[in-house]
Amino acid sequence: TDPGFGNGQRISFTGAPDINQLSVNADLAGLTEGQHTLYLRSRSFPWSLTMAVNFNYGTALPVTWLYVRGERRQQLALINWATAQEFDADKFIVEYSRDGREYTSIGEVTAAGNSSSSRKYEFTWNGLQPGVNYFRLKQIDKNGNFSYSGIISIPFVDRNSAPVLMPNPVNKNASLLLPPSFEATHLLVFDAAGRTVWQQTIANSNSSHQLLQLGSLQKGIYVLQVKGKAGHHTIRFVKN
């Protein structure tokens, strides 16, 4: 963090050296591994403008992520991502999970290698399963070092799917995805003792999405019952 004008660590030298040849040792003890910024200023009526230099401490990061996104297009999952810069990057492994914990590889994309400009990538997959599908990227550099992107989720329901609640656990609000054939009419939430603690009527039975505002619930385990014209479905969830 830039400490402000006059508050940085002073650099001592003798004589009047050529600033282009000036070499200074910086004590990096105590820094954590990862990306940092070195700010430099010279004293000049009263201070010069700031020069900021980004650097990695410890193992060099092979890529700097800009974003990782995912969306469903009919029966396909479309994963796209971009990097701001790459250093000796080799490839991206696309990983998939049904529960958000255990991942398996489903494909790979070759990286640009070395780049100081943004690069965009795309991966399409036809293995979506009913419910919530989780994806992440494992980026591997040419030396075998690797890093993971953030996790993205893609929900998927079709005519033969059951309703899906996401996220689970729930913090305040949750989304209920409804198959077109379910025709949901009413929602009920029961606590561990079987008491009704929340309910909501669905005005449009053909709706494919419902927002559930569950912030009033106490922390614990609950059961959501989705009543539809063709039957009922229950979903167990955790409220954080």
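Q: What makes Lys 138 a charge over the face of Phe 146?

A: In this predicted model, Lys 138 lies over the face of Phe 146, at 4.3 Å from the ring centre. A charge sits over a ring if NZ of Lys or CZ of Arg is within 6 Å of the ring centre and within 35 degrees of the ring normal. Arg 136 lies over the face of Tyr 103, at 4.2 Å from the ring centre.

Q: Why is the pair of Tyr 96 and Trp 125 called tilted?

A: Rings of Phe, Tyr and Trp (its six-membered ring) pair if their centres lie within 6.5 Å; planes under 30 degrees apart are stacked, over 60 edge-to-face, and the rest tilted. Here the centres are 4.6 Å apart and the planes stand at 50°, so the pair is tilted.

Q: How do you know that Tyr 96 is buried or exposed?

A: Buried means under 20% relative accessible area, exposed over 50%, and partly exposed in between (1.4 Å probe, protein chains only). Tyr 96 has 9% relative accessibility, so it counts as buried. Trp 125, at 15%, is therefore buried too.

Q: And why is Ser 216 called exposed?

A: Because its relative accessible area is 58%, Ser 216 is exposed. Ser 216 is found in the loop between β15 and β16 (220–228).

A word on the basis: the model is predicted, with local features needing pLDDT of at least 70 and side-chain atom pairs 80 or more, while totals for chains, interfaces and linings use all residues. Residues are numbered from 1 along each chain as its sequence is written, and side-chain values use heavy atoms, leaving out hydrogens and water.

How values were computed. Helix = DSSP H or I, 4+ residues; strand = E, 2+ residues; numbered from the N terminus.
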